[in-house]
Amino acid sequence: MYSENETFREGLDQLAGHYKEILTLLGEDPSREGLLKTPMRVAKAMQVLTRGYGMDAHKVLTDALFKEDYSQMVIVKDIDFFSLCEHHMLPFYGKVHVAYIPNGYITGLSKIARVVDIYSHRLQVQERMTLQIKECIQQTLKPLGVMVVVEAKHMCMQMRGVEKQNSITTTSDFCGAFNQAKTREEFMNLIHHHQ
């Protein structure tokens, strides 16, 4: 999850202290051998899982902006992501599919995946994450249209509450040229082809 030379944000020790207290409140003994390093491990893990707060998704795109006359759909599909739901701080994970139609500018394809990474590494709800990815691409590249589809499994549904193991939640957001049903259908057909 993180490397030994990873730089952690301010507040790591306080975070570990709180996790030690949480272990006690849950009825555990944080001084027993198996749990001695757990508070710091969890604190480091949580900083890694929320590293998106310190990153600027717009800058990622503008740092790799190229003038290009290409005006057909650009699709980056099956971008794996992991996030934490803000309601229970349990993971939700799945795939993000992004399409945009350039309007004079393109960005590096890996940068689209980086945008997903930044927004998913925050406490999230799937609906807002979908919107944030779309808005970032729309505001930064100013394309003719953007569409984002997120397909995810939520551990809060699988482990607690209704305990439905195989349900997948799909969200989408779009603007511009994707307001036309034909363009949306083309994108959906392309992302679900060969699956």
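A residue is called buried when its relative accessible area is under 20%, exposed when it is over 50%, and partly exposed in between, with a 1.4 Å probe and protein chains only. The model described here is predicted, so local features need pLDDT of at least 70 and side-chain atom pairs count only at pLDDT 80 or more, while totals for chains, interfaces and linings use all residues. Residues are numbered from 1 along each chain as its sequence is written, and side-chain values use heavy atoms, with hydrogens and water left out.

Two loop residues show how the accessibility terms work. K142 lies in the loop between α5 and β6, and its relative accessibility of 53% makes it count as exposed. M89, in the loop between β2 and β3, counts as partly exposed at 40%. Helices (H or I, at least four residues) and strands (E, at least two) are DSSP runs, numbered from the N terminus. Most residues other than glycine have a negative phi. K142, however, has a positive phi near 50 degrees, and M89 has a positive phi of about 55 degrees.

Next comes the interior. A nonpolar core is a set of buried Ala, Val, Leu, Ile, Met, Phe, Trp, Tyr and Cys residues joined through side-chain atoms within 4.5 Å. The largest one has 28 residues, and those with the most contacts inside it are F81, V96, V98, I112, I133 and I137. Two or more residues of this core come from each of α3 (57–62), β2, β3, α4 (109–120), α5 (126–141) and β6. Another core, of nine residues, lies apart from it and includes M73, A99, F178 and I191. In soluble globular proteins, nonpolar side chains tend to be buried together.

Contact means heavy atoms within 4.5 Å. Leaving aside neighbours within four places in sequence, V96 is in contact with residues including F81, V116, M129, I133 and V148. Burial also applies to a lysine, K134, which lies in helix α5 and counts as buried at 10% relative accessibility. Not counting residues up to four places away in sequence, K134 touches V146, V148, D173, F174 and C175.

Helix α7 (residues 181–192) has 12 residues and reaches 16 Å from its first C-alpha to its last, close to the 16 Å expected; the expected span is 1.5 Å times one less than the number of residues. Its buried residues are T183, F187 and I191. Seen down the axis of α7, these fall within an arc of 65 degrees, so they line one face of the helix; the arc is that of the directions from the helix axis to the C-beta atoms. The face turned away from the buried side carries the exposed residues K182 and N189. The cover over the buried residues of α7 includes β2 (74–85), β3 (91–101) and β6 (145–154).

Helix α1 (residues 12–25) holds A16, which counts as buried at 8% relative accessibility. A16 touches P39, M40 and A43, not counting residues up to four places away in sequence. The C-alpha atoms of A16 and P143 are separated by 44 Å.
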